[in-house]
Each structure stands twice: as C-alpha cells, then as structure tokens.
Amino acid sequence: MTTKAIWKLYAQDLKHFILSKVKDDTVTDDLLQDTFIKIHTKHNSIRDDSKLKAWVFSIARYTVYDYFRKNRLSTSIDKEELLCIEETKEGTHTEQDCLRGIIKNLPKKYRTPLFLADIKGMKQAKIAQELELPLPTVKSQIQRARTLITKGFMECCGFKLNDEGYLVGELQDKADCKVCAH
C-alpha cells in the first residue's frame, strides 16, 4: 500500500488521536507530519495489511510520546496504552497479543525496570535512582526481563532462537498459545 493510500485511510483519525493528546493544532500538524514521514520510510516493512491500522496508530502513539519526553511534559499516555497498542479484532492473533501477555506475567521487579527502560526510554542510571536500587541490580533486572520475554515467546508461541540469537518462527493458532489463549 502506498503512503498516499495510507494517508487517505487514516490521516483524519490520526490527527484526531494526536490532537486529543497534545491539545494544540500546530503541534498536532507537526506530529502528524512526523508520523507520516516514519510511515513513508517504513511502510514496506509491514507484510500483513490487516495489521496496518494498529501499526500506524502505534507510530503516532510513540511520536506523541517522544514529543512529551523531549519537551519534558507530562503525558496523558499511560503504560497500558503503550503496551496495548490496539485491541485486535475477534479471531485474530498477533505477536502483540503474545507480548502483552508475556509482559503482564513478568514479576513486577522485572516489569517495572523494563517498562522504564524500553518503553519510557529512561537511562538505566536514572531508573536505579528512581527505584532506589543499585545500578547493577537494575541492569540485571532489565536483562532478565528481556530473557523472560524471549523465553515466553519460545514457550507461548513455539518460536526458536536462530544461530544469530534472533527469535524466528511462525505464530501458532491462539488456541495453541499458552499465554494468549486465556
């Protein structure tokens, strides 16, 4: 699908979404443009058009989040909104379903530092300070969380690690998934 076609389908909805978060027309237009630049440069990477809407909204969501972070503003985007990119249609099963389930099942001592590092983009030293933990502890908790996510994909969805250490495989049917089927 072309960027122009994506624009026709989603530009108005994305604009309303962004405006609902930033409450400023000028900033909204800038962030919408930034979102579509990202969409234009990456749209060939999406292989399943049924996931297009969730994909473009996640790009918009992270563009807004980055704007708030760069400008040191408090955000109205919460953790659940970032983790739950968009509810999937009944009957579909995606990697996001699995990731959501795996992250929700992580022990809090791993989930919190992972969220702060990988979702909020905080430096590990700042996380250690905020959680009042030694830096080596925070580093190991983040690494352990990432390892548990990998293990979760292997157990839940039947993925395997290839020779380079990357997860590979095909997503199982939802009924066969140990985490998402619930």
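Leaving aside neighbours within four places in sequence, Thr63 is in contact (heavy atoms within 4.5 Å) with Leu31, Asp34, Thr35 and Lys38. The model is a predicted one, in which local features need pLDDT of at least 70 and side-chain atom pairs count only at pLDDT 80 or more, whereas totals for chains, interfaces and linings use all residues. Residues are numbered from 1 along each chain as its sequence is written, and side-chain values use heavy atoms, with hydrogens and water left out.

Thr63 itself is found in helix H3; helices (H or I, at least four residues) and strands (E, at least two) are DSSP runs numbered from the N terminus. With a relative accessibility of 4%, Thr63 counts as buried, the classes being buried under 20% relative accessible area, exposed over 50% and partly exposed in between (1.4 Å probe, protein chains only). The side chain of Thr63 also reaches the backbone oxygen of Ile59, at 2.7 Å. Such a polar contact is a pair of N or O atoms within 3.5 Å; within protein, one atom must be able to donate a hydrogen and the other to accept it, and residues adjacent in sequence count only if both atoms are side-chain atoms.

Arg111 belongs to helix H6, which spans residues 108-119. In space, the C-alpha atoms of Arg111 and Ala145 are 6.6 Å apart, although 34 residues separate the two in sequence.

At the level of the whole chain, eight helices and two strands are present. The order of the elements from the N terminus is α-α-α-α-α-α-α-α-β-β. Of the 182 residues, 37% count as buried. Among contacts with a separation of 6 or more, 53% are accounted for by residues 24 or more positions apart. The accessible surface amounts to about 11,500 Å², and 51% of this area belongs to carbon and sulfur atoms; the areas come from the Shrake-Rupley method with a 1.4 Å probe, and for residues only the protein chains shown count as cover.

Aromatic pairing was examined next. A pair of aromatic rings is described by the distance of the centres and the angle of the planes. Rings of Phe, Tyr and Trp (its six-membered ring) pair if their centres lie within 6.5 Å, with planes under 30 degrees apart counted as stacked, over 60 as edge-to-face and the rest as tilted. By this rule, four aromatic pairs are counted. One of them joins Phe17 and Phe57, and this pair is edge-to-face because the ring centres are 5.9 Å apart and the planes stand at 75 degrees. Phe17 is part of helix H1 (residues 3-22) and Phe57 of helix H3 (residues 52-70), so the pair ties together parts that are 40 residues apart in sequence. Phe17 counts as buried at 12% relative accessibility, as does Phe57 at 9%. Phe153 and Phe159 form an edge-to-face pair, with 5.7 Å from centre to centre and 75 degrees between the planes. Both partners are buried: Phe153 has a relative accessible area of 10%, and Phe159 a relative accessibility of 9%.

Charged side chains were considered last. Side chains of opposite charge can pair when their charged atoms come close. With a salt bridge taken as a side-chain nitrogen of Lys or Arg within 4 Å of a carboxyl oxygen of Asp or Glu, the structure holds three salt bridges. The side chains of Asp29 and Lys15 form one of them, at 3.2 Å from N to O. This pair links distant parts of the chain, with Asp29 in helix H2 (residues 25-42) and Lys15 in helix H1, 14 residues apart. Asp29 is partly exposed, at 38% relative accessible area, and Lys15 is partly exposed at 28%.

Arg69 and Asp66 meet in a salt bridge of 3.1 Å, N to O. Both residues lie in helix H3, three residues apart, about one turn of the helix. The relative accessible area of Arg69 is 41%, in the partly exposed class, and Asp66 counts as partly exposed at 23%. In the salt bridge between Glu155 and Lys151, the closest N and O atoms are 3.8 Å apart. These two residues are four apart in helix H8 (residues 135-157), again about one turn of the helix. Glu155 is partly exposed at 46% relative accessibility, and Lys151 is partly exposed at 43%.
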